[in-house]
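Please look through the sequence and the model shown below before reading on. The briefing that follows starts with a single residue and then widens its view.

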Amino acid sequence: MMLTPDPRPGSPSMHRRLTFLRSSAALVGGWLLLLVAFGLYSATSHRQVLEQDVSESGRSLQRAISQRVAQHDAHLTSLSALGLAQAQPSQDFDLVARSILRFYPRIVAIDLIRLSPGEGASVVSSATSADGSTVDPLAVARAVEGLASGKAAYGPDGKPGHYRLMKRMNDTLAVSLDIDGAKLVEGEESPRWASLTLSTGQGLLLGMPARQLAASSLFARTVRFDAPIASATQPLRLSVGRQVTLPQLLPPLPFALFAAISLSGLALVRSLLRHRQDAALAREAAEAASRREALRQHETKLAHALRINSMGEMASGIAHELTQPLTALLSQSQAGRRIAAASGLQDTPIDSVLAANVLQAKRAADILVRLRAYVGKSALEAGVHDLGRHVADIVALSRIDLDRRGIVLDVELPETPALARIDPVEIEQVIHNLIRNAADAVEQADRVDGRVLVSLRPGSEENFEIVVADNGTGIPADILPRLFEPFFSSKPDGMGLGLSLCESIVERFDGSIVAENGVAGGAVFTVRLPAARTAERREEAAE
Amino acid sequence: MTMAPVYLVDDDEGVRSALSLLLGTYGIRIETFGDPTAFLARAPKLKPGVLLLDLRMPAITGLQLHEKLGAIGCDWPTIICTGHGDVHACRRAFKAGVVDFLTKPIDEQVLIEALQQASGALDQQAERAEAAQLVAQLTDREREVLDMVGRGWSTREIAETLTLSPRTVDTHRANIAQKLGTTSVAEFARLALIGQAP
């Protein structure tokens, strides 16, 4: 697997957002916002309903009043016809007038007036109900003066809320109706909540408060309907008012219900978010743990491979070291036997001793061969792999250690895969070893700006170069030629197997390793590995 | 058969002196070198010989030394010996054109056989070089004639193939005999074979 030490980008900001939503202030603020929105919506819609109600009721009342005032005109017409039909006002007029008063309680007085030009006017006949009284004939005369016969005039009445409708019948007669405004507007069309006013061009005629008052005066506003009464003779204007209060616009029960539901909804969302965030945190922690575990496993695998390889390297180092004196011993003994033979000492005890030496040297050599065969048995598991991936893995692994030691570890990788035929665990060991050596060198140099650079790049030929460079003091000239020798170490506690092992491994994959001192000081180790051939790359693609 | 001189390059003093002693008893001339770089500098001045190189040495491996020697024209038969019975190194050694790969400690018999073989290879190399030198003196036409004589063609056959008069062909044969220093048809055939190698 690919080891990436950096956390995924973007996740911290996601956390901040979630944390913000978790705060109580945000919860309360969001709730208040919701309540205000609900209140505005409720008030607007209720007000619309109320306004419609008022205007509908107003219109039907206006229609009813218009019909009633039209009846007044009809009464005047029939009364004047009756009055004109007789030379003398008779009981008939009086009879009709009384029955009108009885059936139309809003008409409280009907008077027949005689007009005498120049000398005033007099009442001919007068019918009044309990609320009515006979009119002042002079006032009627003044009102109808100048009117053509058959024309009606509107006029005020002495009693508050009353008005008069007068009609000139001919030159000498006029009829007058006294109408109670309050009774005109009364009736089933008038809603109990309505405050009513009737007005004329001259001013307010009548004002009636609502029969049913609003339960509360909180935030009281009045919604009005205002329209003229359709009549040619009576210039009245109707106004219907309705007091609207806050509880009407914002009914408390639905509001309370909404408040409760929205609060619990928000609380639910908050707990869901919290749950999700906790889950995200837990997931992240689990991922981090699994990354750490992967690193640890990788480290263990490397350490294991290193132990095995070190054992092999040690055995092979010992074998090499012993082989040299054995070679000398064998050759010397064989030379000795030839010298003995030439001196005629064949088959003498000295010859036997030399022969025994030859045998023992060969026996020792056989033991070394068996030892080498035993430790070198680990099969080579070479396949085509991307060097970049494994360099990145080892850098990630080494970074933990180098970070702790305050050493900067930089890495430069190519963008395209660097395919080579290798055993990843073996090559990773080499890079791991070189990085560790570089870190030790930097530490020995007591540098505060310790830096190790690992880079992978295509080499001059068909190969790749892995370069590990440090800014330590470099490799002393007397050590440089012996650097890769087994059991040769410049470290006080070193076995001298590390670099020797690196060389053995790299050579196993037909590669090479070179150590030199950098131009700017510090050691530079270059591992060259042959690039996989085209056919081998296909194998990688098929894997 | 006389053995070519042996040049041993090994960083171990004990190995150097033991092998010197051993080869000395066979009457083989041997010169030893502890430092590969020093040998590399000396090699061009040495008489051609057989190279016996240790694989693992400080600074430079036997194989690298072999390559460098080849690059400066000392492409003498090379035997690599190593303390590691390393299969990979062995494979690479043969790829690089060494004549043998011996595992230390080297048994006398094995060593002498390998050296004799290498010495033979060196002789062949010298013979080939000598033949090539002789053949190089010939003109293109003479080389053509030599080739045909080597195949056992008669003067008449050669003349017909090259559309020359038999007399001219005889003149060419006389010139060839003079330049190669022999009139033997068998020798002609041998020189044509090994001297014309690319």
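B:K104 is found in the loop between β5 and α5 of chain B, where helices (H or I, at least four residues) and strands (E, at least two) are DSSP runs, numbered from the N terminus. This is a predicted model, in which local features need pLDDT of at least 70 and side-chain atom pairs count only at pLDDT 80 or more, while totals for chains, interfaces and linings use all residues. Residues are numbered from 1 along each chain as its sequence is written, and chains are lettered from A and ligands numbered from 1 in the order in which they are written.

**Around B:K104**
- B:K104 counts as buried because it has 26 C-beta neighbours inside 10 Å; a residue is buried if 20 or more other C-beta atoms, placed from the backbone, lie within 10 Å of its own, exposed if 12 or fewer, and partly exposed in between.
- Not counting residues up to four places away in sequence, B:K104 touches A:T323, A:T327, B:C81, B:T82 and B:G83, contact being defined as C-beta atoms, placed from the backbone, within 7 Å.
- B:K104 and B:D54 lie 9.4 Å apart from C-alpha to C-alpha, although 50 residues separate them in sequence.

**The sheet of chain B**
- Five strands of chain B form an open sheet in the order β2-β1-β3-β4-β5, with parallel pairing, and two strands pair if DSSP finds at least two bridges between them.
- β2 (30–33) and β5 (100–103) of chain B stand at the edges with a single partner strand each, so one side of each has no neighbour in the sheet.
- Strands β3 (residues 50–54) and β4 (residues 78–82) of chain B run parallel and are joined by four bridges, and B:L53 stands opposite B:I80 in β4(B).

**Nonpolar cores**
- The largest nonpolar core has 49 residues, and B:V6, B:V50, B:L52, B:I79, B:I80 and B:L115 have the most contacts inside it; such a core is a set of buried Ala, Val, Leu, Ile, Met, Phe, Trp, Tyr and Cys residues joined through C-beta atoms within 7 Å.
- α7(A) gives the most to this core, with six residues.
- A second, separate core of 46 residues includes A:A441, A:L456, A:F509 and A:L529.

**Where the chains meet**
- In chain A, 25 residues are in contact with 19 residues of chain B.
- α7 (252–342), α8 (349–375) and α11 (498–508) of chain A each supply at least two residues of the side that touches chain B, and the largest share, 16 residues, comes from α7(A).

How values were computed. Contact = placed C-beta atoms within 7 Å.
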